[in-house]
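I had some time with this model today and kept notes as I went. Here they are, in the order in which I looked things up.

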Amino acid sequence: MQAEDMESSMESPNLEFEYGDTDSLAAELSELYSYTEEPEFALNRDYFEEDFRSHARGRRWTELTLEEQRSYVMRLLDALEVTDRDKRLKVARAILYLAQGVFDECDTEVDVLHWSRHNVFLLYDMGIFTALLELLSMEIDNNQACSSAVRKPAISLADSTELRVLLSIMYLMVETIRGQTEDDRPEWRTAREAFKNELGSPLYNGEPFALLLFTMVTKFCSMNAPHFPMKKVLLLLWKTILFTLGGFEELQEMKVRGRERLRLPPLTEDSIKVVRAMRAASPPASAMELIEQQQQQKRGRRSRRPLVKQDSLDTYNERDPFKNDEEEDPEDADSGIEGEVDPLDRDVIIQPPPPPPPLRPPTERVNFPKGLPWAPKVREKDIEHFLETSRNKFIGFTLGNDTDTLVGLPRPIHESVKTLKQHKYVSIAEVQIKKEDELQQCPMSLGEEEVAETPTEMLYLGMLPNLSQYVIALLKLLLAAAPTSKAKTDSINILADVLPEEMPITVLQSMKLGIDVNRHKEILVKAISALLLLLLKHFKLNHIYQFEIVSQHLVFANCIPLILKFFNQNIMSYISAKNGICVLDFAHCVVHEMPELTAESLEAGDSNQFCWRNLFSCINLLRILNKLTKWKHSRTMMLVVFKSAPILKRALKVKQAMMQLYVLKLLKIQTKYLGRQWRKSNMKTMSAIYQKVRHRLNDDWAYGNDIDARPWDFQAEECALRESIEKFNSRRYDKNRNGDFAPVDNCLQSVLGQRVELPEDFHYSYEMWLEREVFSQPIQWEGLLQQP
């Protein structure tokens, strides 16, 4: 594995990857279907044409007028209500063919996407989604299908046919309507807003649509419905949350509006733009590379080729001032040795392989802003801590939270406080915590809090009763889909919607199924990681304690070691994995003639430099880990205890700026606990943290001066946080929260006169109860005379 790592780090090129909410529409649609489902495309077409032929009399769907298309869809909608299950499935397949873009009448993939978009808006306008929702609810509650699936020793595609067809149509509708294009008609824009509001509102049995899908996930993970097609459910759930709550750019806009509403200063920069402008840096040299270099030097190999300067972890190609300190025993592979051959000190120069031709225009490097990419930040409590330390030192007493009185402090302290206040940043979360404390202290005088019924608020309200079950179910699926997980007999079977009825008999079929299974797992990881990240970000913006309760459930369900386990692999080979067969992807496979598949063509895969979904998943998981550990001392110590530093350092080998940034953030928060020797031997990583990660002006992350003063008490920190969360939930969502302030009836007659509902069989055992509870119990009359 070390040899592989060495090879990949020497040759890893810059990855031209642009992070976003999703991949391209074509890629997102193709990931809905597994390669095993490919024969069903023709089945959908046949059922559609069989029914359409009698209606259209020789004409094609693309030749009909809009009114004729509407009347045919209305006919399909009526046919969906028949009681015969097989007939219903045929009609559903015909509707799916329409949503897939009537591909038999199209010549190119662009045509398929065009007609798919047209048909999806037509289907929504005719009310197909609501009809599908009723059918989906019926299938979820189909106890006969559930019990037969539980008894089956092996579950295949055939067990989930109806569910897969319904979920595919719904996914195509959500994903297509969600995306905006410049040539959208005005009525389509109106339909998009209506659909968005419909999905986010509690219109379906009094709860948002996402709650129904969450119920499917928990039912599957509790082994009560092992035939549920989990990949389609999770993809639909992710896209529903993305559509109703908004993506990363909408989140940034909501954050800006939220700060304006609370009269907070505007954000100093747009984090999305800053990250996109960053350049990737070369990974630190590994121990194996250094040993190889030393052995080559001993053999006296000299290179006469000109010296090629590579990008270093120093972002702007500045020379590292700490380079001479980076000497370490090359035997220690885990310590992450950073020493490099300095051309000024050595007469033997090891020539690295020539870098690949640059894909970006060369002007982009010139345009990169000078200086550090992020504006530094300071919290209010950091200023208070600084002043408290200074007052103790110079005056001998403190003034609590007073940050304005500087009497008796020397001039440099005045300048320091001024600089700190210039960079003071008050987050929305701090304002929310302060307001919550006030509401807890003065419930009567401040009265009821007005809570806006946003889609996020309604989703949280629906999820709250079963939140821990939802979180545990998602993590179980993530664990089962992780490439580092070993198959266990008691683990959940996530391959129910990819395995065919008849297992492969030839080598070629086995290879194809193997690629399909790996692709299936990658898509599951992608959907779960994106879903969890979206939930955390939206809940944090809506209210910090909503975010904290989800975070705490994730931590208690071992999310931190699970993500570290995921990264404890050769991450370069995971990101460059080619688990895809281009000719079988939708819509290529329905438009073009199918070439003959060979073992060589399957092994070759596509020509892409990296796998978009895998890199997307890795960045999402790193962002989740950052969100869970930020400002949480006990959780940061978990990173140290689980020895995450060497695992994270290996992830730096991926030359993608955004991924490197989140790895460096995770290394920064634990640097002070890793010891002086680690810092000394990892000076290039320290330099990269300094240049890429935001600075907190008085944060001694690199030195660790406060370790002795901060004992690790995981239980106390988490219990205090849980107490605050429970108070928040009780005050805001408990219907009986005003019980303490309700008037008490002190009149003996009215209290005794109240009718008490007793069980029906009470009068049979009444005398026995009197004997046992009243007559046989000795009464201590003198106890009444004693003072309580």
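For my notes, contact means heavy atoms within 4.5 Å. This is a predicted model, so I kept its rules in mind: local features need pLDDT of at least 70, side-chain atom pairs count only at pLDDT 80 or more, and totals for chains, interfaces and linings use all residues. Residues are numbered from 1 along each chain as its sequence is written, and side-chain values use heavy atoms, with hydrogens and water left out.

**Entry 1: the cores**

I started with W61. Setting aside neighbours within four places in sequence, I found W61 in contact with F48, F52, Q69, Y72, V73, L98, V102, E105, W115, N119 and L122. W61 is also one of the residues with the most contacts inside the largest nonpolar core, along with F209, L477, F567 and M659. That core has 189 residues. Helix 23 gives the most to it, with 15 residues. A second, separate core has eight residues, including L387, I413, V417 and L420.

My terms here: a nonpolar core is a set of buried Ala, Val, Leu, Ile, Met, Phe, Trp, Tyr and Cys residues joined through side-chain atoms within 4.5 Å. Buried means under 20% relative accessible area, exposed over 50%, and partly exposed in between (1.4 Å probe, protein chains only). Helices are DSSP runs (H or I, at least four residues), numbered from the N terminus.

**Entry 2: helix 19**

Which residues of helix 19 are buried? I listed I428, A429, Q432, E436 and L439. I then looked at what covers the buried residues, and the cover includes helix 13, helix 20, helix 23, helix 24 and helix 35.

Helix 19 runs over residues 428–441. Its 14 residues reach 20 Å from first C-alpha to last, close to the 20 Å expected at 1.5 Å a residue (1.5 Å times one less than the number of residues).

I checked the loops next. N558, in the loop between helix 24 and helix 25, has a positive phi of about 65 degrees although it is not a glycine. Its relative accessibility is 47%, so N558 counts as partly exposed.

K643 also has a positive phi, about 55 degrees, and is not a glycine. I found K643 in the loop between helix 30 and helix 31, exposed at 62% relative accessible area.

Last, I noted that the peptide bond from F586 to A587 is cis, with omega near 10 degrees. A587 sits in the loop between helix 26 and helix 27.

Methods. Helix = DSSP H or I, 4+ residues; strand = E, 2+ residues; numbered from the N terminus.
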